[in-house]
Amino acid sequence: MSLLERGDKAYLLLTDGTIFEGLHFGVKGTVIGEVVFTTGMTAYQETLTDPSYYGQLVTQTFPLIGNYGVNADDNESTKSYIGGYIVREWCDTPSNFRMENHIDAFLKEQNIVGIYNIDTRRLTRIIREVGVMNGVITTEDVYAQKETLLKQVEQYVIRNAITAVTGKERKTYANGNPKYRVTLFDFGYKRNIRNELVKRGCEVIVLPATTSAKELLELHPDGIMFSNGPGDPTENQQIIRNVREIAALDIPIFGICLGHQLLALSQGCYTEKLKYGHRGANQPVIDLASHRTYVTSQNHGYAVIGDSLDPSIGTVSHINANDQTCEGIRYHKINAFTVQFHPEAHGGPLDTAYLFDEFVSMMEKEKRRLCR
């Protein structure tokens, strides 16, 4: 029996009533979420373990997923936060010297409902035309309960996302004799952000998302990292107020993805929900200072409105080459810079990893200034 012939029935129902019939992998059940797509050809395990996908039904546009298996080293967090998984075909005979298991076993371990053998190209085109919409994956008879499910799907909203993914206690990571101390705010951070800092000589203290400026000062950090994370950034009003107070401390700050958005909101900017977001490893970004275009990894459904930035406060430093949305800000009145993309991308590309070096240089410069 071939891969596409085995397995129980599974269904994907969209808000507009469209039904995709496929087969089930992972665990059985019913899960509601926001249906999104990502264009990455590799790094599916990093996608599955990226907390920024909290509450979403993730569609992989690449047609074959799981061909190199999974392993513990490539996880970006301690567990998966996605709502459900949608692929064209999953590979039940993976081959790679690093693999420890296959993707179906991973989904079962993480209690994730998956569907395969559907036309992911058609699904992606629907989302691109209509925009991101809610949906439900179910292994039950979708036709018998379609109207009930549609009501639930229409009412679904991702809420309290940061609360759901942030760590509850401080954790410290370092190698050898670190030169710098960086406090990493866990809004749903990816492990490789921490790794990139550690390998550059930093002691990294991972903090819960709600850590205050007063609590932060007790740690005497040389730098502050605001991490990526899920959800609507405007929902987090208390965190935004904390970020505003932290920014006023004049400690070097580097923000990534949600961290970029939260700092911008704290400085008077506005954000907007994109039609279908930027998700994948091939997003072109233009550095407006050098006029160079970088290929970047991204995963976000919201963006900072560049025109809402007061020119006296900061300057838009990067834009997306496809839709000209804001991809980075360099601030004038606070010691900070932020980007919407992921310079730490574990599955690549690595074009913008130099930004971590720039952050280290900021900390070194500040240390020298204080020693005078």
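I started with the ring cluster: ring pairs link Phe25, Tyr85, Trp90 and Tyr116. I call it a pair when the ring centres of Phe, Tyr or Trp (its six-membered ring) lie within 6.5 Å; planes under 30 degrees apart are stacked, over 60 edge-to-face, the rest tilted.

A note on what I'm looking at: this is a predicted model, where local features need pLDDT of at least 70, side-chain atom pairs count only at pLDDT 80 or more, and totals for chains, interfaces and linings use all residues. Residues are numbered from 1 along each chain as its sequence is written, and side-chain values use heavy atoms, with hydrogens and water left out.

I counted aromatic pairs next and got 14 in the structure. One of them is Trp90 with Tyr116, edge-to-face, at 6.3 Å centre to centre and 90 degrees between the planes. Trp90 is in strand E7 (residues 89-90) and Tyr116 in strand E8 (residues 113-116), so this pair ties together parts 26 residues apart in sequence. Strands here are DSSP E runs of at least two residues, helices H or I runs of at least four, both numbered from the N terminus.

Then I checked burial (under 20% relative accessible area is buried, over 50% exposed, in between partly exposed; 1.4 Å probe, protein chains only). Trp90 is buried at 3%, and Tyr116 is buried at 0%.

I also looked up Phe254 and Phe356: their centres are 5.5 Å apart and their planes at 70 degrees, so I noted edge-to-face. Phe254 sits in strand E14 (residues 253-256) and Phe356 in helix H10 (residues 354-371), 102 residues apart. Both Phe254 and Phe356 are buried.
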